[in-house]
Amino acid sequence: MLLLVPVHAAALLAQNGHRGAWAMAVYWLVHVFRLPLFFTMSGFFLALLLGRKGLRETVRNRTVRIVAPLALGLLTLAPLAVLAASETGTVLFVGQGVPAGSPFTFEPSFLWFLWYLLIIDCAAVTLFLLAPRLLSGLGRRVRALLGRPLAGIVVLALPTALVLWPEPTWIAAPAVNTFLPEVPVLLYYSLFFGLGATLSVHRELVASASAAAWRWTAVAVAAAIPAAFLFTLHNSPLGSRPEVHAAGIFIYAIATWTSLLALIGLATRYMPRQRPAIRYMADASYWIYLSHMPVVVLLVALLGTTTLGTAPQFVLVTTGALAASLLTYPVLVRYTVVGRLLNGPRSRRRRRPIPVEPALRGVPG
């Protein structure tokens, strides 16, 4: 979630005249794993909820955690981002001009992730109800593939590359001005959602990822480097050749799958216990995702009037948007009804009273 802020900062700066190879590099490298990891985690926790709490509690939980924030965001935060862009003359999304007219467009905007997650959740729950054997069989097949690591990753990378074929940037990002889902994007993220559900049911796979964490890391880096090189060619005459495009997205898919297993393995190995600071940031991350875009738009517009270079602007936009979200989180969210919607109830820690020696009780001052 935190990485979404520099990604959007780089994207908006590039779309508003501050172009540079570094912006595409930031955007591209982060997307090797960021969105697939979101959907992997979502699949893990949906399977966990169904197994522990049952269908009714799972539906209630997803309604509170996804439907309600999506609806509130579409009515408040998305219009604020559009209004900020309209008033400052800022381009929000690739291929679109400066927003005009009413900010209440009721489009997914930057909240498309929640919309697609809701669709995939509904499909997964439907399969759980109507075709549990099919779902279980698919899970066993993914488990078998991950049990044969390198060969399994190659097999999993094939459908991943196929659904990425029409994407010019190799990133499955749908149109943000319509609620009509794009099937290739749904299929792409469903693959990683299925990985998360499989890891939840077959926990020995998590232990295997932990044991091989550094090997997966090495493979992920080894795949990402040639994928990045081939991506730089995709607008050239050589890159337009189908075989070069196919090789590039296939290696990119391998980098994605292996980076997920590497990150899961490293986290399991080196962060086995809950840490208060990380727990706090994890709680705040949902609010950061929902609230950062209007601030990013305003900062891009404000800094665009200065003589600062693109790199300093990028740093200031990123840190400023993160600071705004983190400062408003404890005041507006953490202990309020908004916080209960996003993360469940959180209670303030009460300071333990300092013990007073019996001889001093009742002594004034």
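Okay, let's start with the second largest pocket: 36 residues line it, and Ala-11, Gln-15, Tyr-27, Val-94 and Ala-173 lie nearest its centre. By pocket I mean an open set of points on a 1 Å grid over the protein atoms alone, where a 1.4 Å probe fits, with protein on both sides within 12 Å along at least five of seven lines; lining residues have an atom within 4 Å of a point.

Quick caveat: this is a predicted model, where local features need pLDDT of at least 70, side-chain atom pairs count only at pLDDT 80 or more, and linings use all residues. Residues are numbered from 1 along each chain, and side-chain values use heavy atoms, with hydrogens and water left out.

Back to that pocket. Helix 1 (4-15) gives the largest share of its lining, eight residues; helices here are DSSP runs of H or I, at least four residues, numbered from the N terminus. The lining splits into 25 nonpolar, eight polar and three charged residues.

Now, the largest pocket. It is lined by 45 residues, with Met-41, Phe-45, Arg-279, Ala-282 and Ser-285 nearest its centre. Helix 12 is among the elements giving two or more residues to that lining, but the largest share, 16 residues, comes from helix 3. By type, the lining has 28 nonpolar, seven polar and 10 charged residues.

So what does helix 12 do at His-292? Helix 12 bends there by about 45 degrees, and Pro-294 follows within four residues. The bend is the angle between axes fitted to the seven residues ending there and the seven starting there.

How values were computed: Nonpolar A, V, L, I, M, F, W, Y, C, P; charged D, E, K, R; others polar.
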